[in-house]
Amino acid sequence: MNIFRSLIAKVWQDPNAAEVVKIESGQLYLVRPGNIRSSRECIYNEAIATIRRVPSIDHNFQLVITRVYEEGDQELLEDEDETDEERVFLISQELEFRLGSGEADNQATFVWRDLDGDVDELYEFVMTEETNEPTRAFFETCMYRAMYERKYKTSADNIGDQDLSEFTWKPPASKRAGVGKKAPLEASESASPTGSREYTSPRKTPKSSSNKIKAMLANTATVVEEDAQFFVWDVEVDGFVSARDGLLRAKILESTSNDYNYWIVATDEQEDLIMHKIAADMNPRWSPKTHSVTWNFYVDGAYGSWAFQFNSSDAYEHFKVAFARAAWEALHHSPFNKIKPDEQAYVISSTNEDVEMRDAQNEDEDEEEVVFELDPDEEPSEDEEEEEDIASPQLQGERNSQLTIGYKGDRSYVVRGNNIGVFSHAGRNQVKYYATISKLSTPKGREFKPREVMLHDQDTKMVLMNPAEPHSLYNMDIERGKVVEEWKVHEDVTVDHIAPDNKFAQMTPEQTLVGASHNALFRIDPRISGLKMVDSQYKQYVSKNRFSGVATTSSGKLAVASAKGDIRLFDSIGKNAKTALPPLGDPIIGIDVTADGRWIVATTKAYLLLIDTLIGEGRYAGSLGFDRSFPANAKPMPRRLQLRSEHVAYMNQEVNFSPARFNQGEGQVENAIVTSTGQYVIAWDFAKVKKGQLDKYEIKKYEDTVVQDNFKFGDDKEIIVALENNVLAINKKNLKRPTRASLAGPMTGLHNRSSIVNSPY
């Protein structure tokens, strides 16, 4: 490397030289070795690789791969919403940059990790014959010098070759002894740039387990059967590995007792390997690009993850449709064929993934995100660490149960038993305990624990629901910290759910609000003498709807969810729904809608359901489902937002989402969705979701269970988090990409591949 010293002195020591070195011609690939996804994807057919200084930040450099357009291409792309012109990577040792071995002999390549992808995903830059060996070697040397400067925060001007040796990537030592078998790649027979991984073959299924499966199979019939490769998530390897050599039979079986029980089964010529009962918590994720499905199953005290990869798109589609039908029948205990054809298509369409939605925008990263990318592993700030230790006075035996965020008063309110804690937003991602409203009681002096609360009338009031008085609401004066009125709504109709008149009504003096019973919608006006229901705005529906939540748009249109899993869209109270979306089967526990009514997010226990209400075709194309009905043959395609099955395996706990919320604020565009499960706060990038990237979420783990979380009003970065015994704030950028380190606790509770393959049910 010393032969480059004079050249380095010219380009490296000039702080005004933005670009250090460039390779003028090559191709960029995304490589997924040892994974069930397609193994090699061309990102740029023609590209330039550049090492570039990071402006205004010393000792930081970027590896930039820029797309080169063929003549005429750029003009064709100018009108597209999204243009992918370059990929930028902060140069650090974590990239594991090294030379690779191309598909052809004597083909020079550089390889580095995709830090935003799975642990085994790699980028590969394939150089053309125009790049000579000295240029390649000089580029490699500059990469190592950039790593040196970033790590040691000092100049690399006077270092020798030995100082750079620590940045030369070395393959990890094998974790297991003996001869093994690598997991097959999906489509490409080419060797991966990092070489083959070796794994030990799993042990045979114990004979007792195999006999038990045979006994269960005696009372089943085959619904579908296809050839597939079978994979299992191995926590030691940190990836999916092959559970059996070659192909086996992937099956769905149904009980012959007509009890709507179904199982997913893997069997080879010798024995049956697994038999997992299809249930709501399986967390299935379908990938049409790789013709694969992954799922979770609880085995011997831990969650494991499995996968089938089918040999053709026909086999994949056949299996997917059969699974969707089986899952629906298992939840509804009713024949799938009894629902209307358009409803069947709606249910099956919910399994589609990787589909870009209409009007997806390619939004540039803002300056804060770019700065954050320069140090993705930075620890939370001291301020943030301190605020996590600021807790409210604790009451023996009670836990936090609800969180509501102020609209005008810069306050958050947390329900804890029959008390409400008041917290001020102190800025810089901090909340501070302000006061406690103690011993909530009715005007007659009967203490109660509110089931649901909602701010009202410019944050001067809080409406409380008392489980012991389901026909009434209670008005608490926040300044006095006292319940001052009981609003008796109706003698016979219960108030099960409430919502503001419109999305931002709580910022105004608006007095009316929306109420829902299990099968009725109505308006509540506390100014009316006597019963507070507005009789002219009351609509009871004949069917047993089991309404479970209401959300309103900025214009007062309503989205109503049910415990049966269906969603109804209304343009006003007192009329029939304009749109009725059929249930997928899982009860909806929460619903939210964007201010303009375009998007709905509905929460179930195991997944979020995202729905675009824009009518795309037919007579009313361009209208929303709140105003007009969707054509029977063109209902919206619901999208499931769910955790990847391997992430659930690391979390090692059942997914149980809290009601998801969009960020909100007057004049603010919704760009994130936040929810929680167990100890984890989870946020989806809404812009990426609309592009079809449904698994682009970030996570933060806490020691305590997260009760509820939501964005601070008017802020798309600060998230207020209520834990069972604490309340805090976090900036969204402090959430991390899910990894083994960020998700898992002690690894003793997680199973390796052998143990979960040999636990068939």
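This briefing walks through a few strands, a helix, some single residues and the salt bridges of the structure above. The model is predicted, so to speak of local features we need pLDDT of at least 70, and side-chain atom pairs count only at pLDDT 80 or more, while totals for chains, interfaces and linings use all residues. Residues are numbered from 1 along each chain as its sequence is written, and side-chain values use heavy atoms, with hydrogens and water left out.

- Let's start with β10, a strand covering residues 248-255; helices (H or I, at least four residues) and strands (E, at least two) are DSSP runs, numbered from the N terminus.
- Six of the eight residues in β10 are buried, so the rest of the structure largely encloses this strand. Here, buried means under 20% relative accessible area, exposed means over 50%, and partly exposed is in between (1.4 Å probe, protein chains only).
- β10 pairs with β8 (residues 220-234) in the antiparallel sense, over eight bridges; two strands pair if DSSP finds at least two bridges between them.
- In that pairing, A221 sits opposite E254 of β10.
- β10 also runs antiparallel to β11 (residues 262-267), with six bridges joining them, and I252 has I264 in β11 as its bridge partner.
- β10 and β11 make a hairpin with six residues between them, and N258 in the turn has a positive phi of about 60°.

- Helix α3 takes in residues 133-152, and its 20 residues reach 29 Å from first C-alpha to last, close to the expected 28 Å. That expected span is 1.5 Å times one less than the number of residues.
- Is α3 mostly covered or mostly open? It's mostly covered, with 15 of its 20 residues buried.
- Just after the helix, K153 has a positive phi of about 50°.
- N60 belongs to the loop between β2 (40-53) and β3 (61-67), and at 7% relative accessibility it counts as buried.

**Cysteines**

- How many disulfides turn up in the whole structure? The search finds zero, a disulfide being a pair of cysteine sulfur atoms within 2.5 Å.
- C142 is buried at 0% relative accessibility, whereas C42 is partly exposed at 36%.

**Salt bridges**

- The count comes to 30 salt bridges, each one a side-chain nitrogen of Lys or Arg within 4 Å of a carboxyl oxygen of Asp or Glu.
- One of them links D627 and K557, with the closest N and O atoms 2.7 Å apart. D627 lies in the loop between β34 (608-612) and β35 (639-641) and K557 in the loop between β28 (547-552) and β29 (558-562), so the pair ties together parts that are 70 residues apart in sequence.
- D627 counts as partly exposed at 27% relative accessibility, and K557 counts as partly exposed at 21%.
- K717 and D716 form a salt bridge too, their closest N and O atoms being 3.5 Å apart.
- Salt bridges that share partners join R285, R644, E646 and D695 into one network.
- Within the E646 and R644 pair, the closest N and O atoms are 2.7 Å apart, and both residues are buried.
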